[in-house]
Structures are given as structure tokens and as C-alpha cells.
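Please work through the exercises below with the sequence and the coordinates at hand. Each task is followed by a worked solution.

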Amino acid sequence: MNVHDFTVKAADGSEMPLSDVEGAMLIVNVASKCGFTPQYEGLEKLYRDYKDRGLTVLGFPCNQFGGQEPGDADEIANFCSLTYDVTFPVLAKVEVNGSGADPLWKYLKHEKPGLLGSEGIKWNFTKFLVDRDGAPVARYAPTDKPETLAPAIEKLLA
């Protein structure tokens, strides 16, 4: 099993098989009203810098942490576009923890647990780097700024 085995929902509710994503992925749970929200800028820079070499950034809005993503799909899209000029895919809102956790997120957490083996997501802007074959290779904390991932992305895309 790998990330390519999952189908997620696009912001418009349509199905998006991750097998359609060519190359490596950076999968992130995002929110519009979080202290880490300015990371959208860094995520967009990574996407623009590396998309032609095979990196896709996928943002999954999540409202499980302090209610920091209360908007609907249109509000989220407008915020991302107008505030941070986001061009990478921002998908449908998901839950990343608990019984309602999205299957992709259950898989990512199991494959790349956090500190002390915890499979829970601690906060918004947890990041998973996935190789071209769909295998999760690294997990990054919300405090890890997107620009610090560039060396790992370079290595992955080499």
C-alpha cells in the first residue's frame, strides 16, 4: 500500500485519485486562522520552485485544532488565493485525527508517526513528504518552516 492507493476529495467535492499525481508530494493539513497560516507563503514558494521538477503540494484544510478553519470550500479558496496567491491544490476539508479521520491521514500517521511514536497530528501545518512511488519518507512538525524542507525535497527529486 502507498499514497497512490488513496482517492481524496477535491474542494469541489469531486474525487481525485492520488495515483493521478505524478512525482513527489508534500501533504499538509492547513488552516486559515492559525498562527502558522503564514506558512502558506513558504508552501507556495516550494510548489513554484519545484513543481516543474516533480513536486506537488497538497493542502488539506482541517478545522480540528481550535476551530481555525471554519470556512467552506469557497471561502478557503478565496482566502488562499487572495491572501497568499496559492496555486497548489487545496482540497476538501478533512479530519486528521479521531474516528472520522480521513483514510489517507490514518495511513500517513501510521507510516510516519510523530514524536515518541505518536500517530496523532498535534496541530495544523503538519507536513508529510512522499516520494515519486507514493511512499511517505518524512514527517515534519508544524513548527518546521517550509523553506527548511528544501534540502530534503532536492534530495528526493535528484
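The exercises that follow treat a strand pair, an aromatic pair and several salt bridges.

This is a predicted model, in which local features need pLDDT of at least 70 and side-chain atom pairs count only at pLDDT 80 or more, while totals for chains, interfaces and linings use all residues. Residues are numbered from 1 along each chain as its sequence is written, and side-chain values use heavy atoms, with hydrogens and water left out.

**Exercise 1.** Determine in which sense strands E5 and E6 pair, and over how many bridges.

Solution. Begin with the elements: helices (H or I, at least four residues) and strands (E, at least two) are DSSP runs, numbered from the N terminus. Strand E5 covers residues 127–130 and strand E6 residues 136–140. Two strands pair if DSSP finds at least two bridges between them, and here E5 and E6 pair in the antiparallel sense over 4 bridges. Lys127 stands opposite Tyr140 in E6. The two strands form a hairpin with 5 residues between them, and Gly134 in the turn has a positive phi of about 90°.

**Exercise 2.** Classify the ring pair of Phe60 and Trp105.

Solution. Rings of Phe, Tyr and Trp (its six-membered ring) pair if their centres lie within 6.5 Å, and planes under 30 degrees apart count as stacked, over 60 as edge-to-face and the rest as tilted. The structure holds 10 aromatic pairs. For Phe60 and Trp105 the centres are 5.8 Å apart and the planes stand at 80°, so the pair is edge-to-face. Because Phe60 lies in strand E4 (residues 55–61) and Trp105 in helix H3 (residues 103–111), the pair ties together parts that are 45 residues apart in sequence. Both Phe60 and Trp105 are buried, where buried means under 20% relative accessible area, exposed over 50% and partly exposed in between (1.4 Å probe, protein chains only).

**Exercise 3.** Locate the partners of the salt bridge between Arg48 and Glu44, and then those of the bridge between Arg53 and Glu154.

Solution. A salt bridge is a side-chain nitrogen of Lys or Arg within 4 Å of a carboxyl oxygen of Asp or Glu. Arg48 and Glu44 meet at 2.5 Å, N to O, and both lie in helix H1 (residues 39–50), 4 residues apart, about one turn of the helix. Arg48 is partly exposed at 40% relative accessible area, whereas Glu44, at 3%, counts as buried.

Arg53 and Glu154 meet at 3.2 Å, N to O. This pair links distant parts of the chain, with Arg53 in the loop between H1 and E4 and Glu154 in helix H4 (residues 150–157), 101 residues apart.
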